[in-house]
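Please prepare a short briefing on the charged side-chain pairs of this protein and on the surroundings of its ligand. The structure under discussion is shown below.

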Amino acid sequence: MNTRNETTANGYTRKWWKEAIVYQIYPRSFKDSNGDGIGDLKGITSELDYIKGLGVDVIWLSPHFDSPNADNGYDIRDYRKVMTEFGTMADFDELLKGVKQRGMKMILDLVVNHTSDEHVWFVESRKSKDNPYRDYYIWRPGKDNKEPNDWISFFSGSAWKRDDATGEYYLHLFSEKQPDLNWENPGVRSEVYDLMKFWLDKGADGFRMDVIPFISKHQGFPNYPDDYDGRPEFIYAAGPKLHDYLQEMNREVLSKYDVMTVGEAFGVTLEQTPLLVDERRHELNMIFHFDVVRLDRGEAWRWKPWTLPDLKAIYSRFDKGLDAHSWHTVFLSNHDNPRAVSHFGDDSPGYRVQSAKLLATMLLTLKGTPFIYQGDELGMTNFPFSRIEEFDDIEVKNAWKAEVLTNQVSPDEFIAHMLKTSRDHSRTPMQWNDSPNAGFTSSSKPWLAVNPNYKEINAKQALADPDSIYNHFKKVIALRKDAPALVYGDYKDLDPANPLVFSYTRTLGTDKHLIVLNFSKDEVTYPLPRGVKAGQLMVSNIECNEEDVSLLNLKGWEARVYKA
Ligand code: TEU
Ligand code: CA
């Protein structure tokens, strides 16, 4: 994958992480190797051939560090220790070795906006106002015996917690067990750079950076502005020193390694994006935007309807908003969002397979580095939650306490929205085969219930079926590997207003591809716009012999890639 910094005809600098396809693993739910009902590192190592078989290049490993798991590992107690449930450092080294032996790379999850409140730094910091670690976190006196300002936590309630030891408040944008680090303190920043070097020196190939835009705060901690629209992430992501810190991090660490960095840019606008990813600024390689996965998100956890033109408009806006110096990402799900086929496709038995293949085709032919979330290559669906006890996620449980138990929201309404938006949908155990608990664990009690549809939907079935969703991913990944236009090619939406069909081209010099996706379950006769011809058919999810035509007869959820 050595791309020797060549520049493409349309001005992109070739980079391995622009041509890579990433597979995200949520270790707790991937594979259990020792029968305790919890996924672990040995479990991942045992399935590396399954991952390699897809054709992906990079594994993103969600947090594997020592943690009391208040937020499933996104609350780290020791950055240089492997979480006990997940195994040992030797297991980590074994996993990384197995990844490299198969010609793949692995990036880790850097969670440094906050730590666990059980991290020794915070244990010390809360002891007294003059403790040497006091300034590692954000402490403020209350105002009139109330919180320092009106900021809220993403996990319900105030973002401030009064601590009895000193009577002061500490900031936590997520749970009380996730106090925010004070990046104003150069000691904190060098601690972070040292732990990054620790893992990069072990051979890690980069980082996915958790809520990295939140690390800089306005030190005055003013209340929300008058025009505040109820989305706190856009306030928390607008700190004054973010770019100073990322440029320093790049100078001190990233520039010294051949690594890939992707920032989880919750609360970052399209306009702000080049400031983070323009290659001439030496900050990050790419970022995750939330516009697509939160297209149907109303206030906080509520769902709202969306339309195909809404979705297409986002991709067009980003295409126009970012020039050849700024790279994109493409993702439809992750461990914080519902399952892709349930979210953007149709997970009912008659359409699940076709719509999952259509979404795979879209994910792998749009502009940007694609991220596949574990299980989406099988078309795994949302879970049929029916009562609060079935949920594990702190975000759900805190919201239930804050809003249902206070009679602000009825239990049925809350559950109805959770059936659309809950993070736990993507956290149910991976479905390996049709044996008990889908072969995820030999324990009778997996940490989270397995989706009851595992008998139909599992890896064993997918590998045995040449026409499975897994094998469709494989086919489109192989096509992408062969077609630079699908990586670097200019993007053009041919029919932005069409409510049923998403059709676009990717062009790099003479290499032009046409992608046509029918986002409805009904047959559509689709005349291609003037001057556009569908040439040689490269891939489709339904048997098709229409080539060299300008009128397409599309079946429900049909997806085609043509050489135009
Ligand atoms: O998530 C931040 C974020 O993206 C939010 O979507 C968050 O998931 C939540 O839905 C806010 O409403 C990152 C991690 O991906 C997430 O798992 C952690 O819970 C969070 O940060 C805190 O570390
Ligand atoms: Ca285990």
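In this predicted model, the side chains of Glu47 and Lys31 form a salt bridge with an N to O distance of 2.7 Å; a salt bridge is a side-chain nitrogen of Lys or Arg within 4 Å of a carboxyl oxygen of Asp or Glu. The pair links distant parts of the chain, 16 residues apart: Glu47 is in the loop between helix H2 (41-45) and helix H3 (48-54), and Lys31 is in the loop between strand E1 (22-25) and H2. Glu47 and Lys31 are buried, where buried means under 20% relative accessible area, exposed over 50%, and partly exposed in between (1.4 Å probe, protein chains only).

**Conventions**

- Local features need pLDDT of at least 70, side-chain atom pairs count only at pLDDT 80 or more, and totals for chains, interfaces and linings use all residues; side-chain values use heavy atoms, with hydrogens and water left out.
- Residues are numbered from 1 along each chain as its sequence is written, while chains are lettered from A and ligands numbered from 1 in the order in which they are written.
- Helices (H or I, at least four residues) and strands (E, at least two) are DSSP runs, numbered from the N terminus.

**Further salt bridges**

- By the salt-bridge rule, the count comes to 44.
- Side chains of opposite charge can pair when their charged atoms come close.
- Arg423 forms a salt bridge with Asp71, with the closest N and O atoms 3.2 Å apart.
- Because Arg423 lies in the loop between helix H14 (411-421) and helix H15 (459-464), and Asp71 in the loop between strand E3 (65-66) and strand E4 (78-82), this pair ties together parts that are 352 residues apart in sequence.
- Arg423 counts as buried at 9% relative accessibility, and Asp71 is buried with a relative accessible area of 7%.
- A network of salt bridges links Asp71, Asp336, Asp393, Glu395, Arg423 and Arg427.
- Asp323 and Arg280 also meet through their side chains in a salt bridge, at 3.9 Å from N to O.
- Asp323 lies in the loop between helix H10 (308-321) and strand E12 (329-331) and Arg280 in the loop between helix H9 (273-277) and strand E11 (286-288), so the pair ties together parts that are 43 residues apart in sequence.
- Asp323 counts as partly exposed at 39% relative accessibility, whereas Arg280 is exposed with a relative accessible area of 51%.

**Ligand 1**

- Ligand 1 has 19 residues around it, of which Asp71, Asp210, Glu264, Asp336 and Glu395 come nearest; a residue is near a molecule if one of its heavy atoms lies within 4 Å of it.
- An N or O atom in the side chain of Asp71 is 2.5 Å from an oxygen atom of ligand 1.
- For Asp210, the distance from a side-chain N or O atom to an oxygen atom of ligand 1 is 2.7 Å.
- A polar side-chain atom of Glu395 lies 2.6 Å from an oxygen atom of ligand 1.
- The protein covers 98% of the 480 Å² of accessible area that ligand 1 has on its own, by the Shrake-Rupley method with a 1.4 Å probe.

**Other buried residues**

- Ser29 lies in the loop between E1 and H2 and counts as buried at 0% relative accessibility.
- The side chain of Ser29 reaches the backbone oxygen of Arg427 at 2.6 Å.
- Ala356 lies in helix H12 (residues 352-363) and is buried, with a relative accessible area of 5%.

Terms used. A polar contact is a pair of N or O atoms within 3.5 Å; within protein, one must be able to donate a hydrogen and the other to accept it, and residues adjacent in sequence count only if both atoms are side-chain atoms.
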